[in-house]
There are 8 protein chains.
Amino acid sequence: ARLGLPEVVYGPGKTPEQITGVVRSLLRANTGPVLVTRIEQPVASEVCRAVPDAEYDAAARLLVWHRAEPVGFDVAVVSAGTADGGVAAEATGVAGAVGLSVHRISDVGVAGLHRLMAERGPLSGAGAVICIAGMEGALPSVIGGLVACPVIAVPTSVGYGAALDGVTALLAMLSSCAPGVVVVNIDSGFGAAIAAYRMAARR
Amino acid sequence: ARLGLPEVVYGPGKTPEQITGVVRSLLRANTGPVLVTRIEQPVASEVCRAVPDAEYDAAARLLVWHRAEPVGFDVAVVSAGTADGGVAAEATGVAGAVGLSVHRISDVGVAGLHRLMAERGPLSGAGAVICIAGMEGALPSVIGGLVACPVIAVPTSVGYGAALDGVTALLAMLSSCAPGVVVVNIDSGFGAAIAAYRMAARR
Amino acid sequence: ARLGLPEVVYGPGKTPEQITGVVRSLLRANTGPVLVTRIEQPVASEVCRAVPDAEYDAAARLLVWHRAEPVGFDVAVVSAGTADGGVAAEATGVAGAVGLSVHRISDVGVAGLHRLMAERGPLSGAGAVICIAGMEGALPSVIGGLVACPVIAVPTSVGYGAALDGVTALLAMLSSCAPGVVVVNIDSGFGAAIAAYRMAARR
Amino acid sequence: ARLGLPEVVYGPGKTPEQITGVVRSLLRANTGPVLVTRIEQPVASEVCRAVPDAEYDAAARLLVWHRAEPVGFDVAVVSAGTADGGVAAEATGVAGAVGLSVHRISDVGVAGLHRLMAERGPLSGAGAVICIAGMEGALPSVIGGLVACPVIAVPTSVGYGAALDGVTALLAMLSSCAPGVVVVNIDSGFGAAIAAYRMAARR
Amino acid sequence: ARLGLPEVVYGPGKTPEQITGVVRSLLRANTGPVLVTRIEQPVASEVCRAVPDAEYDAAARLLVWHRAEPVGFDVAVVSAGTADGGVAAEATGVAGAVGLSVHRISDVGVAGLHRLMAERGPLSGAGAVICIAGMEGALPSVIGGLVACPVIAVPTSVGYGAALDGVTALLAMLSSCAPGVVVVNIDSGFGAAIAAYRMAARR
Amino acid sequence: ARLGLPEVVYGPGKTPEQITGVVRSLLRANTGPVLVTRIEQPVASEVCRAVPDAEYDAAARLLVWHRAEPVGFDVAVVSAGTADGGVAAEATGVAGAVGLSVHRISDVGVAGLHRLMAERGPLSGAGAVICIAGMEGALPSVIGGLVACPVIAVPTSVGYGAALDGVTALLAMLSSCAPGVVVVNIDSGFGAAIAAYRMAARR
Amino acid sequence: ARLGLPEVVYGPGKTPEQITGVVRSLLRANTGPVLVTRIEQPVASEVCRAVPDAEYDAAARLLVWHRAEPVGFDVAVVSAGTADGGVAAEATGVAGAVGLSVHRISDVGVAGLHRLMAERGPLSGAGAVICIAGMEGALPSVIGGLVACPVIAVPTSVGYGAALDGVTALLAMLSSCAPGVVVVNIDSGFGAAIAAYRMAARR
Amino acid sequence: ARLGLPEVVYGPGKTPEQITGVVRSLLRANTGPVLVTRIEQPVASEVCRAVPDAEYDAAARLLVWHRAEPVGFDVAVVSAGTADGGVAAEATGVAGAVGLSVHRISDVGVAGLHRLMAERGPLSGAGAVICIAGMEGALPSVIGGLVACPVIAVPTSVGYGAALDGVTALLAMLSSCAPGVVVVNIDSGFGAAIAAYRMAARR
Ligand SMILES: Nc1ncnc2c1ncn2[C@@H]1O[C@H](COP(=O)(O)O)[C@@H](O)[C@H]1O
Ligand SMILES: Nc1ncnc2c1ncn2[C@@H]1O[C@H](COP(=O)(O)O)[C@@H](O)[C@H]1O
Ligand SMILES: Nc1ncnc2c1ncn2[C@@H]1O[C@H](COP(=O)(O)O)[C@@H](O)[C@H]1O
Ligand SMILES: Nc1ncnc2c1ncn2[C@@H]1O[C@H](COP(=O)(O)O)[C@@H](O)[C@H]1O
Ligand SMILES: [Mg+2]
Ligand SMILES: [Mg+2]
Ligand SMILES: [Mg+2]
Ligand SMILES: [Mg+2]
Ligand SMILES: [Mg+2]
Ligand SMILES: [Mg+2]
Ligand SMILES: [Mg+2]
Ligand SMILES: [Mg+2]
């Protein structure tokens with residue numbers, strides 16, 4: 001909780017014992033939320049047994065202790081396809097854990113504009129939009145033309161061939177013709193949520 | 001005119017004399033249209049002096065002899081930004097020269113959907129849509145969701161940085177979530193027009 | 001069936017229950033064909049038990065309900081090597097399901113021109129040619145010089161080393177010296193079939 | 001000024017006449033700021049003669065009409081090397097034109113931490129930090145660990161060899177170990193400034 | 001002339017004085033051919049004035065002293081397009097200078113098989129075929145299926161967009177489905193000619 | 001055996017039944033050698049049971065029927081590291097099967113020149129050298145400076161990190177400062193052996 | 001031990017028998033240290049049974065015989081994240097085996113400068129610093145500004161998406177704004193340790 | 001001169017006035033050497049007029065004030081081709097200016113080992129070898145096997161096609177089979193010299 005940012009442990013490559021150790025020492029030193037990201041069910045179960053009071057979100061692969069109080073900042077988490085669901089779950093879970101209020105909008109790909117247009121109301125009320133898309137990564141360009149608030153684009157590794165494991169979506173989002181769209185790493189729902197938290201925090 | 005396809009000379013790297021020679025021999029052997037693409041004004045002027053009855057389109061960098069009769073096939077040529085104009089001019093010029101009827105729609109970027117939506121009428125009447133976009137190359141995905149006819153996507157080298165001289169738009173178009181979008185080479189208005197001609201020709 | 005295009009579910013990353021749910025709701029809302037692509041045998045079997053009247057094509061990894069009536073449009077599906085068979089099966093299966101008539105030509109690699117030349121008859125009768133090749137991806141260039149109808153090139157991930165999982169074939173097809181060849185994503189037999197369907201549909 | 005975002009014309013590839021035309025029609029339809037980016041001195045001079053009351057910033061290659069009133073939002077624009085100056089000037093110029101208050105910090109490369117540490121005071125007062133760096137693009141990682149507000153990273157094309165015209169800095173910033181850093185396109189001081197404006201606007 | 005290979009100076013980045021110096025010392029120490037490659041007209045003229053008895057081939061950008069006697073080995077130099085002419089000229093010039101007998105075949109792109117088929121006679125008489133092609137680089141695959149002798153493929157930087165300055169042709173040639181095709185560097189007519197010379201020399 | 005080249009079946013992606021079928025029909029139509037490459041032990045065993053008189057080389061993953069008589073052409077197969085052994089075995093096995101006489105030289109990496117120098121005798125007697133190396137791929141440059149006969153370079157996928165699965169060795173070999181070195185695909189011992197066979201055959 | 005460098009066997013792709021054979025012959029011919037790198041526990045156990053007196057370090061995946069006497073040269077091995085631990089263990093293990101004295105500093109990422117600053121003392125006493133980092137690879141730039149001794153940067157494959165399996169860290173380290181930083185291959189703790197040994201050895 | 005490292009100004013993108021200003025303030029604050037790298041003749045002349053006592057080395061594009069006393073450390077600067085001369089001049093010039101003693105060895109490409117072998121004496125006496133090569137970048141692998149001292153590899157952008165402006169040499173050097181070779185950025189003679197200085201300084 002230095003700087004007021006939450007404490008977050010990156011799960012991959014760590015044993016349950018290592019994670020348990022780090023989490024315990026963070027809980028001792030902090031009053032704010034403590035998170036572990038990208039942690040699979042079996043490892044999570046072991047950690048939960050060792051350190052009580054955790055919430056585990058399997059879709060998000062996320063463990064949370066000491067969930068924050070709502071800070072009064074609304075984030076829309078928008079995604080294009082079913083396969084982008086895991087990344088959206090991570091963004092939603094992390095954002096909620098640090099006190100943001102999340103409005104989740106699914107299945108609004110740019111090849112079906114009518115579905116996206118039906119969601120313009122909720123979108124325009126948001127303090128920030130986290131916009132998650134794989135393949136051609138076009139969604140942030142369209143949404144960036146519909147709202148004036150910050151648009152945080154998250155490319156996903158969904159797709160095949162020319163989708164290049166998310167690199168195509170990443171490059172497309174960085175080249176967006178909608179001004180002021182910002183981008184985080186491929187599949188980083190976590191990064192997008194913390195970016196939104198920074199926007200909320202600095203007010 | 002073997003196969004009924006037009007005779008097309010690729011201009012770059014040829015002297016006016018070489019071009020004049022090739023064009024003369026093609027005109028002698030053909031009754032259909034003869035074209036030179038990517039030919040700049042000074043070279044074009046010299047060739048025009050040597051081989052009469054040419055039409056030169058400077059924006060398209062295109063020379064045409066023996067323009068074809070209309071074949072009764074409507075193509076919409078749609079582009080996103082002003083900078084894509086040269087590629088759109090080439091697509092339009094070549095399509096017209098081989099007998100297609102072109103409807104030109106400009107300035108309909110995906111970050112300003114209202115402008116694109118205003119053109120839905122003309123779009124839905126087309127036999128094929130040639131869809132030209134640089135940067136994130138999102139336009140074909142949106143249009144592919146609005147029309148059932150063939151969508152021929154042309155990535156352009158417009159943009160900078162992560163746009164990678166058109167490679168980003170190319171990859172994005174190939175990864176389009178709109179089913180059945182087809183793609184030609186970067187900046188190839190010519191390729192798109194001949195693709196449309198193949199669609200018209202095979203009826 | 002919005003726009004008259006078929007409803008197609010992308011199988012990867014979905015549970016049998018999710019697929020069953022989506023397919024049921026699509027069948028309720030549609031009279032046209034409903035497809036699931038890239039679905040492996042075990043998942044397909046479960047879905048078939050839950051939703052009756054499906055046809056499963058294992059080579060194509062394709063599930064079909066409500067196969068369309070023939071629309072009177074002939075497509076040649078041409079491939080170079082044995083290993084390209086799965087992609088060709090997907091193109092053939094999807095094309096058939098949406099009502100196109102498919103003529104299948106195999107084993108006509110460019111290093112054995114005599115075999116390809118023997119198929120010139122069937123090729124020249126097609127309304128469109130879907131041309132599937134891995135490694136150097138040269139087949140569409142040769143076929144594009146033999147027919148005047150649309151040539152839809154599908155690069156495959158067949159090959160090793162410099163074949164770069166299909167990227168080399170993709171780039172080669174986009175750079176084809178045969179005018180008007182169009183390209184879809186690597187291994188996307190599905191995309192090629194829908195592209196052909198758009199050509200048939202728009203008449 | 002749709003959505004409250006400023007009207008911005010992208011200069012490259014447009015003639016002075018084209019720019020003059022677009023700017024005139026935007027000034028007629030808007031009361032907010034109108035900008036032209038990436039416009040060189042000679043073209044700018046011609047446009048200034050044709051459309052009065054412009055301010056030209058040569059370092060930023062920026063033309064501005066109808067500068068906005070201050071909106072009460074502080075942005076720190078931080079850069080590492082002298083060669084990043086043009087990008088920093090664009091970020092500063094655009095941010096100022098849309099009403100943000102800019103604090104400029106130069107010459108604080110990560111290989112000389114003492115200089116950066118001396119600026120911690122001004123940094124911690126900012127509503128957002130625009131962080132500009134070429135070569136290895138390490139600055140946002142360090143600053144992201146020093147402040148809790150949004151950090152907008154701008155990779156620049158400064159450097160040679162393995163710097164790959166800014167791609168290395170871009171990839172490094174996206175891979176930053178500082179949580180919640182967001183990234184815009186290479187050399188896009190403009191994109192960063194509008195991203196900051198979106199953060200200010202949505203309050 | 002160590003090993004019996006010719007002495008070849010690479011021209012770029014050398015002053016006329018430097019080239020003159022190297023050539024003089026090589027002529028003093030050798031009885032075999034001495035070549036300078038990639039040398040433009042003005043530099044070549046200066047060198048020719050300083051070192052007598054040179055032959056300059058402007059299309060090949062090649063200077064030759066002490067041309068070798070014919071060694072009785074026939075090479076076919078085959079190219080696809082007019083723009084590949086410079087590379088073909090270099091291959092032809094170097095091969096001739098080292099004593100190979102060259103048969104030049106032009107304009108036999110794979111999209112026009114009839115022209116290539118008309119040349120099967122001369123092709124089948126060759127000791128080796130140097131096969132030069134840009135864009136999709138398909139020519140060696142077709143020729144490799146027509147002849148049993150060595151096929152040396154030379155990719156050229158001809159083309160645009162997805163041709164990636166010759167990288168696409170290079171990768172395609174390396175992935176050729178014709179067995180035993182070998183490849184040299186992009187635009188290296190020189191490398192192909194020396195490879196053929198090695199084949200002749202080792203008999 | 002069209003053209004006198006051997007019949008070679010590419011094993012991957014084929015069932016034992018498919019391979020058996022192809023091999024049987026090739027043996028019926030040919031008197032020359034028939035090969036299957038990249039075939040693993042279990043599949044090979046099944047094929048051997050079904051089609052008698054095969055020789056299987058496990059290190060080379062190669063099946064051979066009707067081994068050719070010696071044609072009187074010597075090939076040196078040289079490799080740098082232990083890990084390049086599989087590729088060298090394929091080159092050796094295929095070369096032997098088509099009638100070339102192979103001299104195998106191992107463990108002569110460029111960082112230990114004394115070992116390479118000790119092999120200069122055998123090297124200088126060869127009709128062609130197949131030179132196999134991973135990592136930095138430097139071996140063909142050194143050998144190309146030691147012999148005047150053809151040098152066929154085979155990059156391997158041995159190494160990690162910057163070795164990029166053989167792409168680095170491939171690019172290095174194509175950029176070799178030794179004139180006239182030719183290159184085949186990554187890990188293609190097969191391609192190198194057939195290239196050598198073409199050199200032998202055309203005499 | 002030619003040149004005084006240690007004998008090091010690269011484990012991957014070798015059977016326990018092959019490793020045993022090589023190690024035995026090296027031990028017979030050498031008095032200095034003999035190492036096997038990247039060798040997993042089960043293979044290591046077998047080798048240890050066959051060749052007595054080995055030390056195995058599981059974290060480093062390293063086998064050592066005949067550990068060298070201390071040479072009186074201090075190396076700091078610094079790493080940023082927990083996940084870089086394996087590479088740091090290899091650097092530490094190899095350095096120790098060849099006689100260097102290692103000071104290990106962990107968990108000093110650039111987003112938490114206070115931790116790094118606390119280690120300035122030990123850093124400034126080192127003869128060389130081995131600096132290990134994944135993701136954006138920024139650590140060597142910061143350390144290069146804090147010490148005057150050699151800084152050997154090791155990029156790791158830690159990270160995801162834009163980290164590109166260590167390529168981003170590699171490029172960033174090569175582009176470092178700290179002068180005179182040198183770089184070894186991705187994940188090559190081995191390479192860094194031998195580089196440090198060369199610095200110690202040449203005194 | 002913080003840390004004892006020399007003060008070095010990077011010339012590109014700075015006006016003569018800017019350079020003059022920086023140099024003056026550095027000379028005022030330092031007693032050690034002050035350098036400007038990559039500065040062309042005309043700019044250098046202006047700066048020399050403004051700030052007396054500079055030495056300009058045109059081949060190295062280097063300006064030096066306050067050359068250091070010899071520190072008693074010998075560096076060999078080895079290069080392969082004539083075209084690598086500029087980078088070698090920069091390495092030599094910077095090394096000399098900071099007090100290292102340079103032994104320059106030219107024209108020792110790996111395709112001509114006899115020339116390299118003739119230089120083994122001087123090489124083995126060096127405290128460090130700076131090894132400069134373009135194209136396939138093989139020189140450091142060979143030299144790394146000949147000497148036990150540090151080998152600092154500098155890839156150059158010399159070459160064409162597959163040489164990829166120095167990226168191929170860079171990757172090859174990082175993948176070197178000679179243990180402990182370290183690498184700096186493409187064309188960075190400067191970086192190599194400072195790396196050598198760090199090695200000298202820390203004794
Ligand atoms: N094999 C396939 N390749 C690419 N896109 C597909 C494929 N199968 C279905 N789709 C598309 O994927 C989308 C459906 O995705 P989903 O909603 O996740 O089932 C639709 O746009 C389909 O057109
Ligand atoms: N066009 C060329 N492409 C590649 N290598 C060349 C070329 N011309 C000459 N060389 C090689 O370059 C080296 C001569 O380089 P240099 O000493 O700089 O003249 C010799 O190895 C030649 O074989
Ligand atoms: N190891 C190999 N690498 C590359 N091509 C091969 C290999 N083995 C066989 N081939 C080629 O693959 C083709 C046979 O493919 P198929 O008909 O699928 O067996 C022929 O062109 C062979 O020359
Ligand atoms: N982990 C490693 N990374 C890179 N090279 C290594 C490694 N371990 C050993 N080597 C080198 O690999 C070569 C030994 O290869 P090998 O003969 O296959 O055991 C020697 O040049 C060693 O210096
Ligand atoms: Mg998407
Ligand atoms: Mg666009
Ligand atoms: Mg193929
Ligand atoms: Mg920087
Ligand atoms: Mg070609
Ligand atoms: Mg090697
Ligand atoms: Mg790190
Ligand atoms: Mg070199």
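Reply: Contact here means heavy atoms within 4.5 Å. The model is a predicted one.

Me: With that cut-off, how many residues of chain H are in contact with chain D?

Reply: The cut-off of 4.5 Å between heavy atoms decides which residues are included. On the side of chain D, seven residues take part. Their partners in chain H number 10.

Me: Which three residues supply 63% of the area that chain D buries against chain H?

Reply: Chain D and chain H bury about 720 Å² between them, and 59% of it is on carbon and sulfur atoms. Within the part that chain D buries, one set of three residues supplies more than any other three. These residues are D:Thr82, D:Tyr160 and D:Ala162.

Me: How many salt bridges are there between chain D and chain H?

Reply: A salt bridge needs a side-chain nitrogen of Lys or Arg within 4 Å of a carboxyl oxygen of Asp or Glu. The side of chain D that touches chain H has three nonpolar, four polar and no charged residues. Three residue pairs are in polar contact between the two chains. The count of salt bridges between chain D and chain H is zero.

Me: Which chains share the site of ligand 2?

Reply: The residues around ligand 2 include E:Val8, E:Lys14 and E:Glu90, together with F:Cys177, F:Pro179 and H:Thr82. By class, this shell has seven nonpolar, two polar and two charged residues. Ligand 2 is surrounded by residues from several chains, so the site is shared between chains E, F and H.

Me: Which element gives the largest share of the shell around ligand 2?

Reply: Among the residues around ligand 2 are E:Val8, E:Val9 and E:Tyr10. The largest share of the shell is three residues, and it comes from residues 7–10 of chain E, which form strand S1.

Me: How much of the accessible area of ligand 2 does the protein cover?

Reply: An oxygen atom of ligand 2 is 2.9 Å from a polar backbone atom of E:Tyr10. Nitrogen of the ligand lies 2.7 Å from a polar side-chain atom of E:Thr37, and a polar side-chain atom of H:Tyr160 is 2.4 Å from a nitrogen atom of ligand 2. On its own, ligand 2 has 500 Å² of accessible area, of which the protein covers 76%.

Me: How far apart in sequence are the parts that the pair F:Glu55 and F:Arg67 ties together?

Reply: F:Glu55 and F:Arg67 form a salt bridge, with the closest N and O atoms 3.2 Å apart. F:Glu55 lies in strand S3 of chain F, whereas F:Arg67 is in the loop between strand S4 and strand S5. The pair therefore ties together parts whose separation in sequence is 12 residues.

Notes. Residues are numbered from 1 along each chain as its sequence is written. Chains are lettered from A and ligands numbered from 1 in the order in which they are written. This is a predicted model: local features need pLDDT of at least 70, side-chain atom pairs count only at pLDDT 80 or more; totals for chains, interfaces and linings use all residues. Side-chain values use heavy atoms; hydrogens and water are left out. Buried area is the accessible area (1.4 Å probe) that two parts lose on being put together, summed over both. A polar contact is a pair of N or O atoms within 3.5 Å; within protein, one must be able to donate a hydrogen and the other to accept it, and residues adjacent in sequence count only if both atoms are side-chain atoms. Ala, Val, Leu, Ile, Met, Phe, Trp, Tyr, Cys and Pro count as nonpolar, Asp, Glu, Lys and Arg as charged, and the others, Gly among them, as polar. A residue is near a molecule or strand if one of its heavy atoms lies within 4 Å of it. Accessible areas come from the Shrake-Rupley method with a 1.4 Å probe; for residues, only the protein chains shown count as cover. Helices (H or I, at least four residues) and strands (E, at least two) are DSSP runs, numbered from the N terminus.
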